[in-house]
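Dear colleague,

My notes on it follow.

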Amino acid sequence: MTANIPSGRVTELHSPQASDAAEELISRERTFGARNYDPLPVVLARGEGSFLFDVDGRRYLDLMSAYSAVSFGHAHPKIVGALIEQAQKLGVTSRAYFNNRLPLLFERLAQLTSLDRVLPANGGAEAVETAIKAARKWGYKIKGIPDGHAEIIACRNNFHGRTITITGLSTEPQYRDGFGPFPPGLLTIPYGDADALARAITANTAAFLVEPVQGEGGMIVPPPGYLARCAQICREHHVLLICDEIQTGLGRIGKFLGCEHEGVMPDGVILGKALGGGLLPVSAFIATDDVMQVFHPNDHGNTFGGNPLAAGVAMAALDVLFEEKLIDRSAELGAWLISDLQDLRGPIVTDVRGRGLFVGIEIDATRATARHVVDRLLARGILSKDTHGTVVRIAPPLNIPRDALEWAAGEIRAVIRELEREKKRAA
Ligand SMILES: Cc1ncc(COP(=O)(O)O)c(C=O)c1O
């Protein structure tokens, strides 16, 4: 696969000026949409592999992959084919009946995670809620926590979604502001500090919920041994370890599950995003029999989870992950990118970090913002995203052509050097 990208410095930058057609669409969205997002001024109309095209036909390299939901690229022929074929046969039946797709997905996910049972859902937050419900009920019915006293521990700076309960676990003031009161029994501890977990656990602790690498929190990689030590502490205290692999799973950080980096076997794993092949919301809570035994018919459910269309697409997405050897590819390309970008450290960039194709470039907030970098990359035909104000997140499709990634690294370097020169002149 060749990316057909101009090598070296681009000569023609994308005009930051949106066309009339684009302006009109932006204006409609701003008029009729709730203002809970502030998108970059680009109106996308088509996607193919690692590239997106705007309404005026301009091409962009996607270094964001819809927050890691498009790990297999846009409109992957095999996944689109599975979607069409399945949609023509059977779409949604509900869990009131068996269907001929879901059992195959259940078996595959159980085998791939070395866990026992799968509970399907749609978006990521819904699967996290499911995990929290399972953990609480396990706490009461199996561990013997007094009714109403179960505690869930998560980490500061986490991102697990946006429901009320999950927001109650967030430490981001903006995410919480105006949405309380939150449910009791939710605690947070510093990320990367296993001793803090040991101190926080009480007889009422049901579960520790953790991301193997914090994504939305700024691409934070914990110290080596952290997750393994947390697993040991959880085991010692009869506390469930639940890994939120919604973003880190499915090869994003160079292993099928992020927790495999430390040889950790959690009691429960949450998958989402890329499980839908970049086409549908598909998520799942996958856990041991010990945990899943708490669910009986009608305890918990949803209308769309595990529908044949979603299951067919998820199976195709998993096929692509393995057929195209994307887990190794993520590890290799990610390691290359992180090492290639180390020379950016200087007056503007304070850190380049990550694991697999999940990379963060930390910008010195006193000199620039991550949004400055993202805007300039956009003008050069690259879509990226700032997170936490100071971090540029780079998470391209795992099958991004190598020459495209090399070109993007050159463009990122050019933008940082440009900002350095401007700061120097202004000083
Ligand atoms: C680690 C993690 N958990 C949960 C979620 C929530 O997923 P969704 O936006 O599909 O609800 C996200 C989304 O970014 C995530 O990164």
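**Findings in the model**

Ala-414 is partly exposed, as 16 other C-beta atoms lie within 10 Å. Please bear in mind throughout that this is a predicted model. Ala-414 belongs to helix H14, which spans residues 402–426. Its C-alpha atom is separated by 9.8 Å from that of Arg-376, a residue 38 places away along the chain.

**Domains and their contact**

The domain assignment divides the chain into domain 1 (20–72 + 325–426) and domain 2 (77–323). Taken over C-alpha atoms, the centres of domain 1 and domain 2 are separated by 27 Å. Domain 1 and domain 2 each contribute 25 residues to the contact. On the side of domain 1 that touches domain 2, the elements giving two or more residues are helix H2 (65–68), helix H12 (326–340) and the strands S11 (349–354), S12 (359–363) and S15 (391–394). H12 supplies the largest share of that side, with 5 residues. By type, the residues on this side of domain 1 comprise 13 nonpolar, 9 polar and 3 charged.

Ser-65 is placed in H2 and has a phi near 50°, a positive value in a residue other than glycine. Tyr-67 is also placed in H2, and its phi is likewise positive, at about 55°, although Tyr-67 is not a glycine. Are these residues buried or exposed? Ser-65 counts as buried, because it has 26 C-beta neighbours inside 10 Å and the threshold is 20 or more. Tyr-67 is partly exposed, with 17 other C-beta atoms within 10 Å.

**The nonpolar core**

The largest nonpolar core has 120 residues, among which Phe-208, Val-313 and Ala-317 touch the most other members. Helix H11 (residues 308–323) gives the most to this core, namely 11 residues.

**Helix H9**

In helix H9 (residues 226–236), the buried residues are Leu-227, Cys-230, Ala-231 and Cys-234. Seen down the axis of H9, these residues fall within an arc of 105°, so they line one face of the helix. The general rule is that an α-helix has 3.6 residues a turn, so residues three or four places apart point the same way. The buried residues of H9 pack against helix H8 (194–200), strand S7 (205–210) and strand S8 (240–244). Just after H9, His-238 takes a positive phi of about 55°.

**The four-stranded sheet**

An open sheet of 4 strands has the order S1-S2-S3-S13, with mixed pairing. Strand S1 (44–48) and strand S13 (382–383) stand at the edges with a single partner strand each, so one side of each has no neighbour in the sheet.

S1 and S2 pair in the antiparallel sense over 4 bridges, and Leu-44 has Asp-54 in S2 as its bridge partner. These two strands form a hairpin with 2 residues between them, in whose turn Gly-49 has a positive phi of about 60°.

S2 (residues 51–54) and S3 (residues 59–62) also pair in the antiparallel sense, over 3 bridges. In S3, Tyr-60 is the bridge partner of Leu-52, and Leu-61 is that of Phe-51. The hairpin of S2 and S3 has 4 residues between the strands, and Gly-57 takes a positive phi near 85° in it.

**A cis peptide bond**

Finally, the peptide bond from Gly-180 to Pro-181 is cis, with omega near 0°. Pro-181 lies in the loop between helix H7 (173–176) and strand S6 (186–189).

With kind regards

Note on methods
Residues are numbered from 1 along each chain as its sequence is written. This is a predicted model: local features need pLDDT of at least 70, side-chain atom pairs count only at pLDDT 80 or more; totals for chains, interfaces and linings use all residues. A nonpolar core is a set of buried Ala, Val, Leu, Ile, Met, Phe, Trp, Tyr and Cys residues joined through C-beta atoms within 7 Å. A residue is buried if 20 or more other C-beta atoms lie within 10 Å of its own, exposed if 12 or fewer, and partly exposed in between; C-beta atoms are placed from the backbone. Two strands pair if DSSP finds at least two bridges between them. The arc is that of the directions from the helix axis to the C-beta atoms. Two residues are in contact if their C-beta atoms, placed from the backbone, lie within 7 Å. Domain bounds come from an automatic or database domain assignment. Ala, Val, Leu, Ile, Met, Phe, Trp, Tyr, Cys and Pro count as nonpolar, Asp, Glu, Lys and Arg as charged, and the others, Gly among them, as polar.
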